[in-house]
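Walk through this model with the structure open beside you.

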Amino acid sequence: MLSVLILNGPNLNLLGTRQPEIYGHTTLADVEAMCAAHGQAKGFEVTCAQSNHEGALVDAIHAAKGTHDGIVLNAGAYTHSSIALHDAIAGTELPVVELHLSNIHAREAFRHHSFIAPVAVGMICGFGAAGYTLALDALLGHLEDTS
Ligand code: CA2
């Protein structure tokens, strides 16, 4: 059975509690339950993790190698700053789908650049919490195409 890691970065533990006009009303627990249900319905394993710490996210990406077949990654603000996350993805060579709740290209200029994008299979952004299941389907399609 294919196994996917859903990895969320800094401040995403606050989802659904503040700034609902940007990030919606869905909580991180809701997102994780939605992803688990999606995996169950489609026959793949889903594991969820969140950290506010860059190094812990690097560790989670390293640990995913050999444990999971791919990652759906919302790196939060580290998307726009972290060469360490870029290098971790490049180093593990695991397929990563980059995910953002908001359309980062319709927001401030500092959110337009992603250090994840060059090492990701692709990116989904702007569809709110529904983006997680879209990203899962995109990753599953990629894994099926490349296996
Ligand atoms: O749109 C996304 O998913 C982001 O990755 C979210 C990050 C932001 O820095 C990226 O540019 C785009 C911020 C996550 C913060 O999430 C919060 C949720 C609720 C309340 C406060 C923060």
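Histidine 68 and serine 3 are joined through their side chains by a polar contact of 2.7 Å. A polar contact here is a pair of N or O atoms within 3.5 Å; within protein, one must be able to donate a hydrogen and the other to accept it, and residues adjacent in sequence count only if both atoms are side-chain atoms. Histidine 68 lies in the loop between helix H3 (54-64) and strand E3 (70-74). Helices (H or I, at least four residues) and strands (E, at least two) are DSSP runs, numbered from the N terminus. Histidine 68 is buried because its relative accessible area is 12%. Buried means under 20% relative accessible area, exposed means over 50%, and partly exposed is in between, with a 1.4 Å probe and protein chains only.

The model is predicted: local features need pLDDT of at least 70, side-chain atom pairs count only at pLDDT 80 or more, and totals for chains, interfaces and linings use all residues. Residues are numbered from 1 along each chain as its sequence is written, and side-chain values use heavy atoms, with hydrogens and water left out.

Now turn to the ligand. Which residues come nearest to the ligand? Of the 17 residues around it, they are Asn74, His80, Leu101, Ser102 and Arg111. A residue is near a molecule or strand if one of its heavy atoms lies within 4 Å of it. The shell divides by class into 8 nonpolar, 7 polar and 2 charged residues. In this count, Ala, Val, Leu, Ile, Met, Phe, Trp, Tyr, Cys and Pro are nonpolar, Asp, Glu, Lys and Arg are charged, and the others, Gly among them, are polar.

Look at the ligand's oxygen atoms. One is 2.8 Å from an N or O atom in the side chain of asparagine 74. For the side chain of histidine 100, the distance from an N or O atom to a ligand oxygen is 2.9 Å. Taken alone, the ligand exposes 510 Å², and the protein buries 95% of that. These areas come from the Shrake-Rupley method with a 1.4 Å probe; for residues, only the protein chains shown count as cover.

The ligand sits in the largest pocket. On a 1 Å grid over the protein atoms alone, a pocket is an open set of points with protein on both sides within 12 Å along at least five of seven lines. A molecule sits in it if more than half of its atoms lie within 2 Å of its grid points.

Serine 102 belongs to the nearest group around the ligand. It is found in the loop between E4 and strand E5 (122-125). Serine 102 counts as buried because its relative accessible area is 9%. Its side chain makes a polar contact of 2.9 Å with the side chain of arginine 107.

Next, check two loop residues for backbone angles. Glutamine 19 has a phi near 45°, a positive value in a residue other than glycine. Its loop runs between strand E1 (3-8) and helix H1 (20-23). With 41% relative accessibility, glutamine 19 is partly exposed. Glutamate 93 also has a positive phi, about 60°, although it is not a glycine. That residue is in the loop between helix H4 (83-92) and strand E4 (96-100). Is glutamate 93 buried or exposed? It counts as exposed, because its relative accessibility is 67%.

Finally, follow some helix residues. Cysteine 35 is in helix H2 (residues 28-42) and is buried, at 0% relative accessibility. Its C-alpha atom is separated by 6.9 Å from that of valine 46, 11 residues apart along the chain. Isoleucine 89 lies in helix H4. It is buried, with a relative accessible area of 2%. From isoleucine 89 to isoleucine 116, 27 residues apart along the chain, the C-alpha separation is 8.1 Å.

Leucine 140, in helix H5 (residues 130-146), is buried with a relative accessible area of 9%. Leucine 140 and isoleucine 83 are 26 Å apart, C-alpha to C-alpha, and 57 residues apart in sequence. Proline 20 is in helix H1. Its relative accessible area is 33%, so it is partly exposed.

Key. 1 Å grid on protein atoms, 1.4 Å probe; cavity = no way out; pocket = protein on both sides within 12 Å on 5 of 7 lines; lining within 4 Å.
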